[in-house]
Amino acid sequence: MMKFRFLAWLVCAVFTSNLAAQDADKVAFFESRIRPVLVENCLKCHGETKANAKLRLDSKAAVLKGGISGPAIVPGNAKDSLLIKAIRHADPELKMPSKETKLPDNVVSDFEKWIDLGAADPRDGKQSAVADGIDWKKAREFWSFQPPKKVEPPKVRNASWPKTAIDRFVLAKLEVEKLTPVRPATKRELIRRATFDLTGLPPAPEEVEVFLKDESADAFAKVIDRLLASPHYGERWARYWLDVARYAEDQAHTFAVIPNTNAWRYRDWAINAFNDDMPYDRFIKLQLAADMIETEDAARMKHLPALGLFGLGAQYYKNTDAAKAAADELDDRVDTLTRGFLGLTVSCARCHDHKFDPIPQIDYYSLAGIFTSCKIANVPLGDSARVKRLEETQAKIKKLEAEAKTKANSKVEELTPYLVAAWKVRAAKQQDIAAIAAADKLDAAVLARCVKFVEKAPNGFEVMRKTSAAEKDVVTAAQAMQKQAKTSINKKGQLDKNNKELLDKLFYADDSVFQLSDAMLTKLRNSDDAKPLPITHGLAETAPANMKVFLRGNPAKLGDEAPRRFLKVLAGDDPAKFTQGSGRLELANAIASKDNPLTARVMVNRVWQYHFGRPLVGTPSNFGALGDRPTHPELLDYLAVAFMENGWSFKKLHRAIMLSSVYQLSAERDEKNFNQDGDNRWLWRQNRRRLDVESWRDAMLAAAGKLDRTLGGPTTNLAAVDNNRRTVYAKISRHDLNHVLRLFDFPDANITSERRVETTVPQQQLFVLNSPFVIETAKAFAARVQKEAASDTERIQRAFQLAYGRPASAEESRLFETFLQGQDAEPMANRLSRWERVAQILIGSNEFMYVD
Amino acid sequence: MLTRRDFLTRTATGFGLVGLAHLLNDQQLLATPQAGAPANPLAPRAPHFAAKAKRIIHVFMNGGPSQVDTFDPKPSLTRYAGQNPPGSSRGTERRTGGLMPSPFRFNPSGHSGLPVSEIFPRIAQCADDLCVIRSMHTNVPNHEPSLLMMTCGDMQPVRPSMGSWLVYGLGTENQNLPGFVTMCPGFPVVGPALWSNSFLPGIYQGAHINNSNMDPRRVLQNLSNTYLSQGAQREQMDLMRRLNEMHLAQRGSDNPLEARIQSMEMAFRMQFEAQEVFDLNRETAATRDLYGRGQFNDACLVARRLVERGVRAVQIYTGSGQPWDDHANIANHRVNARTVDQPVAALLKDLKNRGLLEDTLVLWGGEFGRTPTSEGATGRDHNSHGFSVWLAGGGVKGGMAWGASDEFGFSAQEGRMHVHDLHATILHLMGIDHERLTYRYSGRDFRLTDVSGTVNHNLFA
């Protein structure tokens, strides 16, 4: 059964036809049921390149005109349509498709239905389904394919509000929409927001105090710089990228999965890259081609883990339909690559030309061919000399093993003639070993040893001992012995112990060749050069080769060759073919280029999203026709150009965004603004944001004083009660994602993710109320507060500072003191102290989970 | 205001009809983390058209039961025993031998006379409720891709499961319980991807219940508090609520904050109400005897209690691993049948007695079938070319067999139904047009049935 993964037919009609809306369903029917069948079964002989019987079926007009037998169809009358007769095989002279089996009954009835309903057909002949049929000039006029322009920030009426260029872009829109920005955030709000934004952790009460007391003009800039310099910055921002990279350490299925136990090296590489403020263009290039870029040892070892973006890609279960599974893996690579870096859904073109964007099917296979020209590999991490020695040693071992195997095999082959001859010597009674050896072209010394052996042939082969036995039985026994010896030879050319002794005894007397090669092998295997190096999950080049287009996505139906090259819409009408190996480096250069209109835009939009909870382009991984248009196109361009001009520096981008007035707005509600723009598209306030699961869990541990701030290293088990490491270090599974991560909207790592969905359900609150994690953390938090302050009044203040970065109000103090003084009705039933209960309330509350 | 996305959703799914997608709270489901109204994503929602079934129970015979030993009798296997007449064999995972007759007798059952294997004496008593499909087929004869196909409609682990789609589309009737519950003692092969939400929000994932220990306090994660009495916890909750309300009051109206306050209260109630549903001691001795005792029996009884309380989708695995995978000896099907026969029959009877069967759909079957030819001396290999499943209740015709396999039961021949067709048909019974239940995931509209699926109206009562 053919299988097509992508659904676009339905929506397509709306955009590609200019028919009245009520006909849209008929066109949709054509698109989903008729056009694909025509493309696959008919157009080869009745299309642009070939028009058998002068019939073409690639446009509405051509179908109506028909060929030598007349019109192919009569719209509204399937019964009288020639096409139906042909595909029904009603007329033995007119059976179509001619060389293939009859179309399935349901397809035939689809055609009848289509014709009876009037044969809606949007194909006007200008956009042939055969060629790429794209008006490239027009296609490139789409906003996201235009180079981002450095726009002068607009003039605004309220000149006092903007602090930066960003603000002028935002305010200009607000003024058009007649919205007024709300008040600025308080310093407490600001430092809490900034600290979570940049590090995913709450500010320490002491850090809040320093900021409150700092009345200098650049007080907030100092906070930003301090946070950007913190190693926790990388832990926060690399995790965002890992969502896009669908980072995980295993595969989803059960059988034959080898866990990627070194996956953490890629995670740590990403964390370090952010901490080092690695330019984004380099960040891209290394993930695609670190092995081709870095030749010097230290840098190479440092950056090879970058290849984990694809080295950790999905590997599907391959048994019966391996070709399909391999094709699905390519889909994962192309999808992650193009949505992740370019905001383009190139995978939609796996089975057919993209329905909405100027991406012909061949472009998909041009990219896929790059991934078939390399393979996922465990790459050793060591200096090049050491890796070379390791590889040479491994090669030597392999060669010796192969030699040993050949030798063993050929010697074993000689067993039967020698054993039979030895028996003959005994049976002939003359025992003229030399004569028999000469007659049978055997070695006399070996034969002599064989004669002795045959005399005492082991149990199971007694027949060889008997001189009276029939020769054929002896031959059978000798062959059996040979077979036994042969099957005992393993991959490394070693025989099992008994058979090895047998051959040694018969053929080599004392100076066994086997013993010799064994000794050499053992020495090699134990040598320092053979000691394995740590590995990282990366890519290795294979023989580069272009793919052929899979017609309708079917690996068994091959179309034109797709040269390895970049996308036509971005690289021009005749994109240069990639010639360096697989072409990964050339691909990386094409993506990480200032001339690429998408790369910088897509990334600044992602960064904006994480600072505001809402991106400028609402579909961060789709900048195509079906994606959202930017709310602030000029601002997006301004940010993209500035990002590139600033050397693709993330830290400079964060700084520019966070120093703006718009970032520093409060999250306060304003009724007038809200009624007009409830979604805050125009940014009249900052958005109140819920902490993602990582920050939320880390913040609980931080408040409790339990957070283990160790950086990097192998993956940790989030379910272990004593795991106090940051959540970014937890194992991420495609097979069985940790329950807490899943519950709090962590994305499924089988597919690239552009944003966290946000759900609020009672199961999450059960975790707050009852989970051992929250309760143990609350206990630690209570113990900390009790230790750090002397009276309940002071403790309450301390607890609020730790949890929320602010003092408790008088009302709050009163409520909590009253609670602390309360008496339990049934004290024996309760195993949490009043302070522990308070601590649980504080970390379980809304204020803890949401950031203003 | 009609947003661009609304427009797309309506035009994309509508074609003059009102699409489901925009009935769902668009902002919530498409997860714009904004101040707009966050409707409860689990709240019940109207189907596309009148639903015949309001809920579904999938009793999953994981491992792949043999059709010719259960619901698709083939006398020719006896006639040609040991032989390989033309058309009797097609490629499967392993090499198989000649045709092997079923070791089991088939009995005409019920008024309809539907033939049922002797290994299901009690299910046979429900024959007049069964709608057997003898013409199922799937793509490959391997467990993993076929399990995924049956549960998620794709051979790779990259799509949401049917239960997740149903709750996404229809919500669920009981807010104190998960909308989609899956029961397996441990994991089946593949594991949690079989009830995955994939790109749908995480709350649509099936809640996995390990029914090897149906302790009501522990079946759902974090369901009960072992530290505080109910009174002490309520006192604590009251202070938390007070704190949250003061926080909210300072900020004016804010939907996500309000939603979480409500959700916290719901969680408090859920601790007690959700425990109740798993407490089988609340059932009468007669009912418990009807189902019998055992893991699978308990799961079936819990399934009835769940759907009775409005849970949308329940899935019960025969056991962990792949219990029906009888490569070595097909006679072992008798043991598996003994596990499921009584409780499945009890479930049908019990649902019927309570008036629930008419709008509860029960699906029985595996991920594929088995070969009519022998593997080794007495086993059968996987078979994707043809197999049988049955439906009951929920608007299907009882006492009927749809479609037919070939003379030997190797491949589906008449009225062929692919798994996509089964899914389309099930969704239709649940009031959903399978082509209109879509989710926009990064620029594409996905659905359970991919680009396939035909509703089989012949099965409907």
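1. In this predicted model, helix 10 of chain A, which spans residues 219–229, has A:Ala219, A:Phe220, A:Ala221, A:Val223, A:Ile224, A:Leu227 and A:Leu228 as its buried residues. These buried residues pack against four other helices of chain A, namely helix 8 (187–199), helix 9 (205–213), helix 11 (231–244) and helix 29 (650–658).

2. On confidence, the mean pLDDT of chain A is 90, and 94% of the residues of chain A reach 70 or more. Residues 127–131 of chain A, however, have a pLDDT below 50, and beyond near neighbours in sequence this stretch has 10 contacts in the model. Another stretch to read with care is residues 510–514 of chain A, where pLDDT stays under 50 and where the model has 12 contacts beyond four places in sequence.

3. A:Arg584 deserves a separate look, since arginine is a charged residue and the position of A:Arg584 is in helix 26 (residues 584–591) of chain A. Is A:Arg584 buried or exposed? The relative accessibility of A:Arg584 is 0%, and A:Arg584 therefore counts as buried. Leaving aside neighbours within four places in sequence, A:Arg584 is in contact with A:Leu288, A:Ala289, A:Asp291, A:Met292, A:Leu307, A:Ile370, A:Cys374, A:Leu539, A:Ala540 and A:Glu541. With A:Leu288 there is a polar approach as well, the backbone oxygen of A:Leu288 lying 2.9 Å from a polar atom of the side chain of A:Arg584. As a guide to position, A:Arg584 and A:Ala217 are separated by 367 residues in sequence and, from C-alpha to C-alpha, by 47 Å in space.

4. The contact between the two chains can be described by its extent and by its pairs. Chain A contributes 105 residues and chain B contributes 101 residues, while the area buried between chain A and chain B is about 9100 Å², with carbon and sulfur atoms giving 56% of that area. Between chain A and chain B the count is 5 salt bridges, and a salt bridge of 2.9 Å, N to O, joins the side chains of A:Arg834 and B:Glu235. The count of residue pairs in polar contact between chain A and chain B, with both residues at pLDDT 80 or more, is 33. On the side of chain A that touches chain B, helix 33 (residues 762–770) of chain A gives the most, with 8 residues. Sorted by class, that side of chain A has 42 nonpolar, 29 polar and 34 charged residues.

5. Over all chains the count comes to 98 salt bridges. In chain A, A:Arg282 forms a salt bridge with A:Glu294, and the closest N and O atoms of this pair are 2.9 Å apart. A:Arg282 is in helix 13 (residues 280–293) of chain A, and A:Glu294 is in the loop between helix 13 and helix 14 (297–303) of chain A, 12 residues apart. The two partners fall into separate accessibility classes: A:Arg282 counts as partly exposed because its relative accessibility is 29%, whereas A:Glu294, at 9%, counts as buried.

6. In chain B, B:Asp215 and B:Arg217 form a salt bridge with the closest N and O atoms 3.3 Å apart. B:Asp215 is buried, with a relative accessible area of 14%, while B:Arg217 counts as partly exposed at 44% relative accessibility.

7. How far apart are the closest N and O atoms in the salt bridge of B:Arg304 with B:Glu283, and where do the two residues lie? The closest N and O atoms are 2.7 Å apart, and B:Arg304 lies in helix 10 of chain B, with B:Glu283 in the loop between helix 8 (255–278) and helix 9 (285–291) of chain B, 21 residues apart. B:Arg304 counts as buried at 1% relative accessibility, and B:Glu283 is buried too, with a relative accessible area of 11%. Salt bridges that share partners join B:Glu276, B:Glu283, B:Arg304, B:Arg305, B:Glu308, B:Arg309, B:Asp350 and B:Arg354 into one network.

8. Helix 10 of chain B, which covers residues 295–308, also holds B:Asn297. B:Asn297 counts as buried because its relative accessibility is 9%. Not counting residues up to four places away in sequence, B:Asn297 touches B:Tyr291, B:Gly292, B:Thr339 and B:Pro343.

Key: Residues numbered from 1 in each chain as written. Chains lettered and ligands numbered in written order. Heavy atoms only, no water. pLDDT = per-residue confidence, 0-100. Contact = heavy atoms within 4.5 Å. Buried < 20%, exposed > 50% of the residue type's maximum accessible area, 1.4 Å probe, protein only. Polar contact = N/O pair within 3.5 Å; in protein donor to acceptor, adjacent residues only side chain to side chain. Buried area = accessible area lost by both parts, 1.4 Å probe. Salt bridge = Lys/Arg side-chain N within 4 Å of Asp/Glu carboxyl O.
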